[in-house]
Amino acid sequence: MRADSVGRFPFAAALFAAFSIPVSAKAGGGVIQGQWSISLQAGTDIEVSGDYADAAQGTVLGLSTTVEVKRYKDIYGKSFRGNLSLGYGVARNIELFGRSGYYGTHANQVPAGNVASLPLLADFAKYKEWGAEAGVRYYFNPAERFKRYIAGVAGLRFLSASPATLSVPAANVVLNDLPFYDKSTVGVFGADLGASYDLSQSVAIGVEAGLRYQTKPSGIDTGLAGTGLDKINDVASRWSIPVLGQITFRF
C-alpha cells in the first residue's frame, strides 16, 4: 500500500462504522422536506483505476524509445478536494442538491521508460480541476438525529492544462513543458454513500464516500507524430473514490 494512501482509509472506516450502528430513536432536526441546506466538504480522492500515459514503442532522433503505462496513482500523490453544496428537500426523505468544488494534487517524478536503454523520467505539472455536480439524495431515516443516505450525481469538471517535462539524465537531455493534456471539460458520473449526525436543529456533521467515473480529457499534439509515440496521451479517463468530511447548516 502506498504510504500516502494510509491516511485516507480512516474516513472510509468511519463511514462503514456509521452504517453499522443501530439508528437512535431520538429526534434530530426533523424531516428533510422544505429545508434548505448548505454544506462544506473537505477530503481527498483515492485513485481506483485509470491510465495517465499509455505504453508505446517508437524511435526518437533515431534512438529506440519505450514508454511505459503510467497510472494516475503512479504519478500523483496526496490530494485535496473541497466542495460547497446547496440543497433543498423536495420530499420527506429526498433532497435535490448542486455543488461546486476544487481538486488539486502534486505530481511525483516517475520513471517513464527508456531511450536507447537509458532511463527516461517524466515530471508532470500539478493536476488541478474545478467542477460542478447536481444530484438527488435519499435519506433512509430523515427524522432521526443520525441520518444515513445514498445519492446519485452527474456533472462537469474543468481541467487545467497538464504539460510534462521529460528527461534522460544519463545523456543530459531535458525536454521542458512538453504539451500533454490541454485544458478540458470532462463529464463525471457517480454515487455517494454518507452519514450525518445532528448537533442541533440546524447544524450537522458527517462523512461521505463515493465512486466517480471521469471521462477522457483532450490530448495535445506532443510533437511526436511519426515516432510511434504520438498516442501516449490518448487516455486518462479515471475511476476514483472521493472521501470527505462535512458540516451542514439547515434553515
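This protein folds into 2 helices and 16 strands (helices are DSSP runs of H or I with at least four residues, strands are runs of E with at least two, and both are numbered from the N terminus). What you're looking at is a predicted model, where local features need pLDDT of at least 70, side-chain atom pairs count only at pLDDT 80 or more, and totals for chains, interfaces and linings use all residues. Residues are numbered from 1 along each chain as its sequence is written, and side-chain values use heavy atoms, with hydrogens and water left out.

**The overall picture**

- Of the 251 residues in the protein, 47% are buried (under 20% relative accessible area, with exposed meaning over 50% and partly exposed in between, using a 1.4 Å probe and protein chains only).
- Take the contacts (heavy atoms within 4.5 Å) with a separation of 6 or more: 73% of them involve residues 24 or more positions apart.

**The largest pocket**

- Rolling a probe the size of a water molecule over the atoms shows where empty space is left.
- The largest pocket holds about 480 Å³ of space (a pocket is an open set of points on a 1 Å grid over the protein atoms alone, where a 1.4 Å probe fits, with protein on both sides within 12 Å along at least five of seven lines; lining residues have an atom within 4 Å of a point). Its volume is the space filled by probe spheres set on the points, which are joined across faces, edges and corners.
- There are 27 lining residues, and V60, V115, L120, L166 and L175 sit nearest the centre.
- By type, the lining has 21 nonpolar, 4 polar and 2 charged residues (Ala, Val, Leu, Ile, Met, Phe, Trp, Tyr, Cys and Pro are nonpolar; Asp, Glu, Lys and Arg are charged; the others, Gly among them, are polar).

**Salt bridges**

- The structure has 17 salt bridges (a side-chain nitrogen of Lys or Arg within 4 Å of a carboxyl oxygen of Asp or Glu).
- One of them joins D45 and R81, with their closest N and O atoms 2.8 Å apart. D45 lies in β1 (residues 36-49) and R81 in β6 (residues 76-91), so the pair ties together parts 36 residues apart in sequence. Both residues are buried.
- D45 and R81 also belong to a salt-bridge network with E47, E129, R157 and R238.
- R71 pairs with D74 at 3.2 Å, N to O. R71 counts as partly exposed because its relative accessibility is 37%, and D74 is partly exposed too, at 22%.
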